[in-house]
Amino acid sequence: GIFALFLKTMEVQIREVQNSDSIQIFAVNKQETFLQHVLATSSFILCGIIYLIIEKMLSFYPSIAPHFSVQILIAAYFVYSSKGSHLYEESLVVMKGVGLQIEKKNYNGSVSKEFIELSSIKNIILNEYMTPYSVRLTLGVVVKKRDKMVVPFKEFKLRQKNLLKIYGPVKEMLTESE
């Protein structure tokens, strides 16, 4: 019921943003649950409260107070901003006859883009890999002159049915243009 709503892990949503004869865009993003938002915010508030308590305690020892104050503020900042470096949205833009582009957006607003030219793409594959507890499936782009394949949506751990929604159109679009 309602308790499960708060304890759910991040939900992954996949959507086809654009679909035309020459360009297809697939986007995957994470929706933060209420509990995760509360925990991220409360950790910063908790660091502030701890800071105030220690500041009061250190007022009895003024010579060491400035050192601890700065360290606590830095720790509070890192606890709060650690969420910022995590990926929350990734999109795959497939351009017929040109190639594909992978765009990643982080919580802190930073964006990275990687373009792979069609002539350097060997193949688009569905790749299985094993973890200690499961077998997972990923989309892989095998690129010429690279030791490792490019894996879009790696952080999102998409299910097979969602990967197939992406794989089919991407494979078709890139092989039609060869």
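**View 1. The largest nonpolar core of this predicted model holds 23 residues.** A nonpolar core here is a set of buried Ala, Val, Leu, Ile, Met, Phe, Trp, Tyr and Cys residues joined through side-chain atoms within 4.5 Å. Buried means under 20% relative accessible area, exposed means over 50%, and partly exposed lies in between (1.4 Å probe, protein chains only). Leu-92 and Leu-100 have the most contacts inside the core. At least two core residues come from each of strand 2 (23–31), strand 3 (87–95), strand 4 (99–106), strand 6 (121–130), strand 7 (135–143) and helix 4 (160–176). Helix 4 gives the largest share, five residues. Helices (H or I, at least four residues) and strands (E, at least two) are DSSP runs, numbered from the N terminus. In soluble globular proteins, nonpolar side chains tend to be buried together.

Residue numbers start from 1 along each chain as its sequence is written, and side-chain values use heavy atoms, with hydrogens and water left out. The model is predicted: local features need pLDDT of at least 70, side-chain atom pairs count only at pLDDT 80 or more, and totals for chains, interfaces and linings use all residues.

**View 2. Leu-92 and its contacts.** Contact means heavy atoms within 4.5 Å. Neighbours within four places in sequence are set aside. Leu-92 then touches Gln-24, Ile-25, Phe-26, Leu-100, Gln-101 and Ile-102, along with Leu-139, Phe-153, Ile-166 and Val-170.

**View 3. Helix 4 and its buried residues.** Helix 4 has 17 residues. Its first and last C-alpha atoms lie 24 Å apart, close to the 24 Å expected at 1.5 Å a residue. That expected span is 1.5 Å times one less than the number of residues. Buried in helix 4 are Asn-162, Leu-163, Ile-166, Val-170, Met-173 and Leu-174. Gly-168 also belongs to helix 4, but Gly-168 is partly exposed, with a relative accessible area of 28%. Gly-168 and Ile-124 are 44 residues apart in sequence, and their C-alpha atoms are 9.7 Å apart in space.

**View 4. The largest cavity, with a volume of about 50 Å³.** The structure holds one cavity of 30 Å³ or more. On a 1 Å grid over the protein atoms alone, a cavity is a set of points where a 1.4 Å probe fits but cannot get out; lining residues have an atom within 4 Å of a point. Points are joined across faces, edges and corners, and the volume is the space filled by probe spheres set on them. The lining includes Tyr-129, Pro-152, Phe-153 and Lys-157. Strand 7 supplies the largest share of the lining, four residues. By class, the lining has seven nonpolar, one polar and three charged residues. Ala, Val, Leu, Ile, Met, Phe, Trp, Tyr, Cys and Pro count as nonpolar, Asp, Glu, Lys and Arg as charged, and the others, Gly among them, as polar.

**View 5. Thr-138 in strand 7.** Thr-138 lines the largest cavity. Thr-138 counts as buried because its relative accessibility is 10%. Beyond neighbours within four places in sequence, Thr-138 contacts Ile-125, Leu-126, Asn-127, Tyr-129, Val-151 and Leu-163.

**View 6. Lys-145 in the loop between strand 7 and helix 4.** Most residues other than glycine have a negative phi. Lys-145 is not a glycine, yet its phi is positive, about 65°. Lys-145 counts as exposed, at 88% relative accessibility. Lys-157 is found in the loop between strand 7 and helix 4. Lys-157 has a positive phi of about 50°.

Methods
On a 1 Å grid over the protein atoms alone, a cavity is a set of points where a 1.4 Å probe fits but cannot get out, and a pocket is an open set with protein on both sides within 12 Å along at least five of seven lines; lining residues have an atom within 4 Å of a point.
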